[in-house]
Amino acid sequence: MSRIPTTELSRYLLTGRLSRRGCLNARLPRIAALRQANRTSPSRAFGTRVEPATAVPSDATAAPTTAPLRKQLKEQAKVLKASGKRKKNKADNQTVPGWELTVGIEIHAQLNTARKLFSPAATSFNDKPNSHVALFDVAMPGSQPLFQPETLIPAVRAALALNCAIQPVSRFDRKHYFHWDQPAGYQITQYYHPFARDGRVVLYARDGIAPEDGDRVEIGIRQVQMEQDTAKTTAQPGGVHWLDFNRVGLPLIEIITLPQIRHPATAAAFVRKVQMLLASVDACVLGMEAGGLRADVNVSVRRTGGADGRELGTRTEIKNLSSFKAVEDAIIAERDRQIAVLEAGGVIEGETRGWSLGSTETRRLRGKEGEVDYRYMPDPDLGPVVIGDDLVAHLASSMGVLPDAEIDGLIEKYGLSAKDALSLMTLDDGARIQYFYNVLDALEARLGLGDENGGAIAPDQRHALLAANWCLHELGKLTEFPSDLGMTPEGECHVPSVALAAILSHLHRKDITAKVAKELLWGIFRGEIPADSVTQTIDAKNLWFNELSEAEYAQLADKVVEGEDKVVGEFLRFKQGKARAYPQGKLMFLVGKMMRAGTEQRMDPASAERVLRARLEDVHIPRLEAR
Amino acid sequence: MSTRGRPRGLRLRHVCSSTGQQRRLLNHFISKVPEPTEPSPPSTSSRFTLAVKDNIATTTTTTPSHPTTCASPFLSTYHSPFEATIVTQLRARGARLVGKTNLDEFGMGSHSTHSAAGAVSQPRTPSSPPQPDQNQTRHNNINEDDEYNDLSLLSAGGSSGGSAVAVLTGQADVALGTDTGGSVRLPAAYCGVVGYKPSYGMLSRFGVVPYANSLDTVGLLARRAATLQELMIGGRGGKDGERFQGLWREGDLRDPTCLSAAARARCAKGREGYDGVAERKDGDVLRGLKFGLPLEYNIEELDPGIRDAWAEAARTLQDRFGARVVPVSLPSTRHALAAYYVIAPAEASSNLAKYDGIRYGTRDTEVASDAAAGGVLYAASRGKGFGDEVKRRILLGSYTLSSEAMDNYFIKAQRVRRLVRRDFNRVFALDNPLHEPETFDLADLDESIALEDKWGPEEVDFLLCPTAPTLAPKLDDVMNQNSVDAYMNDVFTVPASLAGLPAISIPMPAASGKATNGGDGVATAGLQLIGQYWDDARLLAVADAVSRTFDSTTLAR
């Protein structure tokens, strides 16, 4: 199944234009032929709270002290600071004994479309300010909204990726509040009749959820709605604000979860996961760090099993969090503040709070009395949006493989670690994995491992693991920032995939050493070696790995062992059962000596180790034993 | 709150009228296009003069260009960068723009008195009704620069009062208005001209500054229904006999509520009269038609003179022209006015949110206000920028949309609106093409309808009723009226607006002997005809025929 970029799909569906690139270059994730292994995740008891020893010092809870928690925390921080240690680790700060946290999240994501939601003005990012503005965008008197149907494509894809039920009829409401970034005095949104409802996102341990949540946790999505973005405000000196109306009216989706998140790290993992899901179906323009995704969190606390029944505590809303770290930090800070207030006998006010990056406390933005009544009203100019089953079916069938399936495939099929698989998936906004597939394709072609078996998995996938490691780690060493690699969405960068595949094919066959391979990679990255002449370069510079023969290795090994009877004695002790562990360190010491004694370019440490070990066992240990 | 007096705020700059003076006059223009200095060659581009209500966007090639003020201080200097579709359409048919007419601010009012440019009045006093002259020359021997005794002036009606007066004085052959709850029909009735509100969605609203989008329609005023019929349905233009396309055919992609070409064709399928204006005798048009007299419109407050004229008109149609006149019942009518004054202000409060002193109008910088400091940035600017009536409706609308009042007001009003539409669908012989035909089982009908059953569930072609319960009141009395009394004037016009139906007000001679405004002579009231959705073509033809019967009966006297 191929992933077709939304832009192309909408071009085809709405204007009947076909991509110039042709179907041969379509992005073809290889997981389609995934082996459906019966993966039974080891079931750990779900919901058991493992109390980290350092979460709260035992004396703080044991002692019948009346000091409020916040004060304790402050003092604790002071002590920690005095002792020169860092503040307590976030990973150890997921729970507070005696208290339960409840979090709901609203995520706003910019849809990947060519036009605004209600005007044919182009969507843009960082273009000349106020250069893409239609009459309606600035609420010119007498102008009217014109719903752009193609915005539905990424919206529906996003909702499908979030396992939502697409609603056949949805409607637009006006939400009224005054702000300079909103020319009409209201935002057109879907509140009463959203286009998607009842979704869910499954988070796994590898997504970075709190350990307390176990291996997997499911977060329900209440609804997904479409709405307009506001203008961009740039603060200028002297209390002046500049407004860029390019952003006003851009299509957003708002994803509203049920209050089912119990831990700060899980909240951050949820936002990260949503971003990955949206990127994987090409629904979203930019990631969170680039401002394409914003989150509001609703936080409340209650005592565990307390007399306050099962009712949730009063919640506060923290607006406009723009990074995953901010989501987690803000929730921790707000949770601690609420607990401190409650323990001091206070009451939590339902209010809106703010958070700035790097801060340690949320700050009050406006209280309940300052809350605006949004006076929702159906927009009288806009008819209902009717989404046909055929559109939903088509988008669902063309959506391709979702990240979780792809990650499972990477882990099972190629033996990647969960962490590496996740990194490969998320780096460069999803382009890195595409690069990996490109490299793998080229590599398999060179090794003659093509897919001729109709997708059957070759028993040995070491070449794929090699490719993955290089795409991730060796490539990563080239630049300080991944963005400097110049990775394109099609999965190409300054190191063309065919060039890397050429290097790896030689490395895989042990025709060159890893050291030579790394040098070649640098050469290509710097442009010193043309991408299509990897093999010629090896030829020209005679970089082929002309490995020593077994006899030469053995000769070298014998030479090194000479005069090292004391070391050989260690091996004898092991053999005789006097030492419990094999003296691997000693072995490696001897291998090192071998490498230094011989011609390194012609030696493989693994071969050296193998031969050395054999010589020790066959010749030198018996010799010593015989003495 | 007093509605008396001019809204303070800035005086609007007038693009000099012919005298350049601004004495207390009819005050029906906010800005005028200078007359061509030399008689321009009789080009095909100028077939008729057009006045445009100042809440419809216009651009102009001549300088100085005129603003689109909506009679609001907020927009006193607002020059629209684009022109309303309807203006462009009329220009293409030979309209020459003569000026922008005065109105109630943003169309909110029934007497054109709530204007930043001052109140409009009509050039008639109770004792001097104008002669309905078929061959009116332009200017109609009324000198707009004559000073009138303020106390004797009559209300022009609203909110399209300026447009009605421009037609009455002959300065415009056709005037554009907007009709949200009767804003074209009411001034037409008061001023003795023809005012037509088309089916909702027939004429593009693009470029019309919205008051209440779900009710707003562009309306047309002229001295004769035939003029409007020709524009809407198509006909011969000017002397050269060239035919031009009727406005009813033209959709507008820029207005999402404007019907698409396919929908227009579908709606017109079950309708007569869209093939062009046929030459038929009035008797032929009217013969066999069934007119319904809505019983609920015979209210206590109805001026006896108007009630008599209404009955007389019905009798004439039946006895002399072979039409049938039957009583019908529209039981939801009594709730319609209340529903209207919930829905319209709610939408208005939303539409007017954009006027905040940042982009439009002048920001009030005297009052230190800052949103970041917990204050409200716009309150002072909006408080100063809007007139009292607009503020009243914004408050009303904001309240009915607020979370605690929404269910009791806005949602209920929408239910009433649906009932009103059902009432109409039940009495009209034609189906409403926008809705699935409903079968009205007598058992399901409200008991109040069952009372009318001795006439059977009579189905009619048109409804015949007065446009307003009274003749044009004195401006002086209007100024002393409270706002709820003023809302009463809309009681007969609002139901058709809620249902989106076409309606037209034609002048009807009424004996004003018993009328409240004193005097003895014959005055003009408005007779309203309401048709089923998209039955505009027949409605205009019938309106023309009916108004001719008045000519003949007047002559017969």
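Start with chain B of this predicted model: 55% of its 557 residues count as buried. Colour chain B by secondary structure to see 16 helices and 15 strands. Among its contacts between residues at least 6 apart in sequence, 80% join residues at least 24 apart.

Next, select residues 50–127, 155–231 and 285–540 of chain B, where UniProt, in an unreviewed entry, places "domain: Amidase". Within that selection, pick out 155–231, a span that is 29% helix and 22% strand. Its end C-alpha atoms lie 28 Å apart.

Now show Lys53(B), Ser159(B) and Ser183(B), listed by UniProt under "active site" in an unreviewed entry. They are spread over 131 residues of sequence but cluster in space, with a largest C-alpha distance of 11.0 Å.

Zoom in on Ser159(B), in the loop between strand 5 (154–155) and helix 2 (161–168) of chain B. Ser159(B) counts as buried because it has 37 C-beta neighbours inside 10 Å, and the cut-off is 20 or more. Beyond its neighbours within four places in sequence, its contacts include Asp104(B), Gly107(B), Ser112(B) and Ser183(B).

Move to Ser183(B), in the loop between strand 6 (174–179) and helix 3 (185–191) of chain B. Ser183(B) is also buried, with 37 C-beta neighbours inside 10 Å. Leaving out residues up to four places away in sequence, Ser183(B) touches Gly107(B), Ser159(B) and Thr178(B), among others.

Finally, bring in chain A, where 23 residues are in contact with 30 residues of chain B. This side of chain A has 13 nonpolar, six polar and four charged residues. To divide chain A, select domain 1 (101–378), domain 2 (402–540) and domain 3 (550–626). The C-alpha centres of domain 2 and domain 3 of chain A are 35 Å apart.

How values were computed: Residues numbered from 1 in each chain as written. Chains lettered and ligands numbered in written order. Predicted model: local features only at pLDDT ≥ 70, side-chain atom pairs only at ≥ 80, totals over all residues. UniProt positions renumbered as here; feature names shortened; annotations may be inferred. Helix = DSSP H or I, 4+ residues; strand = E, 2+ residues; numbered from the N terminus. Contact = placed C-beta atoms within 7 Å. Nonpolar A, V, L, I, M, F, W, Y, C, P; charged D, E, K, R; others polar. Domains from an automatic or database assignment. Buried ≥ 20, exposed ≤ 12 C-beta atoms within 10 Å, placed from the backbone.
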